[in-house]
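Visitor: I would like to learn how to read a model of this kind, one feature at a time. Could you take me through it?

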Amino acid sequence: MSASEAQLCPGETAELLGLSRPFVVRLLESGEIPSTHLPGSTHQVVRLADVLAFQQRRDRRREGRRRIAELLDES
C-alpha cells in the first residue's frame, strides 16, 4: 500500500489538518472530504490522498483570499 492509499480515522485526520475532530466529522458528513464507513460499523476512514487534496484546496482558497485582501488594501 502506498502512502497516499493509507487510511486515517477522523481523529488522525483532524490532527493532521490542525482541526477539531467534530469539525472534521462534519466535513466528512458533508462530503467535503470523501470517506467510507467500515463494513458493518459506524466508523469512518479517510484516504490520506483525500486529506492532502482537501488541504491543498484549503491552502489555495486561503491564498486567494489573502491576494484579494492585498489588492483591496492597495486601492
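**Reading the fold**

Guide: The protein chain has three helices and three strands, where helices (H or I, at least four residues) and strands (E, at least two) are DSSP runs, numbered from the N terminus. This is a predicted model, in which local features need pLDDT of at least 70 and side-chain atom pairs count only at pLDDT 80 or more, whereas totals for chains, interfaces and linings use all residues. Residues are numbered from 1 along each chain as its sequence is written, and side-chain values use heavy atoms, with hydrogens and water left out.

Visitor: In what order do the elements of the protein chain run from the N terminus on?

Guide: The order is β-α-α-β-β-α. As for overall form, the radius of gyration is taken over C-alpha atoms, and the globule rule is 2.2 Å times the number of residues to the power 0.38. For the 75 residues here that rule gives 11 Å, and the radius of gyration of the protein chain, 15 Å, is well over it, so the chain is more spread out than a compact globule. The C-alpha trace spans about 55 × 25 × 20 Å along its principal axes.

Visitor: How should I read the angle at which the axes of helix H1 and helix H2 cross?

Guide: Axes are lines fitted to C-alpha atoms, for helices over the stretch in contact, and angles run from 0 to 180 degrees between N-to-C directions. Angles under 35 degrees count as roughly parallel, over 145 as roughly antiparallel, 65 to 115 as roughly perpendicular and the rest as oblique. In this case the axes of H1 (residues 10-17) and H2 (residues 21-30) come within 8 Å and cross at roughly 110°, and H1 and H2 are therefore roughly perpendicular to each other. With contact meaning heavy atoms within 4.5 Å, the residues that make it are Pro10, Gly11, Thr13 and Ala14 of H1, together with Arg21, Val24, Val25 and Leu28 of H2.

Visitor: Is Pro10 buried or exposed?

Guide: Buried means under 20% relative accessible area, exposed over 50%, and partly exposed in between (1.4 Å probe, protein chains only). Pro10, which is found in helix H1, has a relative accessible area of 7% and is therefore buried. Leaving aside neighbours within four places in sequence, Pro10 is in contact with Arg21, Val24, Val25, Leu28 and Gln44. Over the protein chain, 24% of the 75 residues count as buried.

Visitor: What does Arg58 touch, not counting residues up to four places away in sequence?

Guide: Arg58, which lies in helix H3 (residues 48-74), touches Leu17 and Leu19. Its relative accessible area is 16%, so Arg58 counts as buried.

Visitor: Where does Glu32 lie?

Guide: Glu32 lies in the loop between H2 and strand S2 (36-37), and with a relative accessible area of 31% this residue is partly exposed. Glu32 and Pro22, ten residues apart in sequence, are 14 Å apart in space, C-alpha to C-alpha.
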